[in-house]
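My entries follow the structure.

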Amino acid sequence: MRTYVYELTHLPKSIRTDFVFGLSAFWHGVRPGYYLTFACGPPMIKIQQKVANLSRKMREESLVAEYVYRIWGWWLVRITSILFLPPFIVLELNHSLKIWSSMYWAPAIWIGVMLLIGIMLPAGEPPKRKPPTKRE
């Protein structure tokens with residue numbers, strides 16, 4: 001998907017991730033659980049990119065900061081997976097909403113909190129791209 005859709009699509013970069021996740025959901029099928037799961041992915045990726053850009057300089061200067069960033073990121077991915085994968089497994093909208101309801105709507109709250117954090121954080125500097133090397 002990355003090679004053929006994300007990188008070759010001429011969509012604005014801001015919506016390319018959303019498009020790829022929507023296409024992935026469609027690729028899996030038309031069951032609502034796929035769309036619920038894949039709809040939660042783009043906000044998390046965009047927030048992760050923002051945090052990575054903001055913390056890049058600090059992580060480059062400190063090995064401890066890099067380890068903390070990686071451990072924290074690993075933990076957040078696990079929590080996010082626990083919250084957002086049940087609809088992918090059960091597939092039915094009613095059952096998915098029942099599961100999220102039994103979790104006190106933690107997935108919706110998690111997305112809301114992450115979006116608020118993402119809105120409040122400054123943009124940060126994107127990574128500097130190295131010029132392509134000339135192959136002989």
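I take axes as lines fitted to C-alpha atoms, for helices over the stretch in contact, with angles running from 0 to 180 degrees between N-to-C directions. Helices are DSSP runs (H or I, at least four residues), numbered from the N terminus. The model is predicted: local features need pLDDT of at least 70, side-chain atom pairs count only at pLDDT 80 or more, and totals for chains, interfaces and linings use all residues. Residues are numbered from 1 along each chain as its sequence is written, and side-chain values use heavy atoms, with hydrogens and water left out.

Entry 1. I looked up helix H4 (residues 41–61) and helix H5 (residues 63–84): their axes come within 9 Å and cross at roughly 165 degrees. That makes H4 roughly antiparallel to H5 (over 145 degrees).

Entry 2. I turned to serine 96, found in helix H7 (residues 93–102). Serine 96 is buried, with a relative accessible area of 0% (buried means under 20%, exposed over 50%, partly exposed in between; 1.4 Å probe, protein chains only). Leaving aside residues up to four places away in sequence, serine 96 touches Gly33, Leu36, Pro87, Val90 and Leu91 (heavy atoms within 4.5 Å).

Entry 3. I searched the whole structure for aromatic pairs and found 5 (ring centres of Phe, Tyr and Trp, its six-membered ring, within 6.5 Å; planes under 30 degrees apart are stacked, over 60 edge-to-face, the rest tilted). Tyrosine 34 and phenylalanine 88 pair edge-to-face, at 5.1 Å centre to centre and 70 degrees between the planes. Phenylalanine 88 is partly exposed at 27% relative accessibility. I noted one aromatic cluster formed by Phe21, Tyr34, Phe38 and Phe88.

Notes
Helices (H or I, at least four residues) and strands (E, at least two) are DSSP runs, numbered from the N terminus. Angles under 35 degrees count as roughly parallel, over 145 as roughly antiparallel, 65 to 115 as roughly perpendicular and the rest as oblique.
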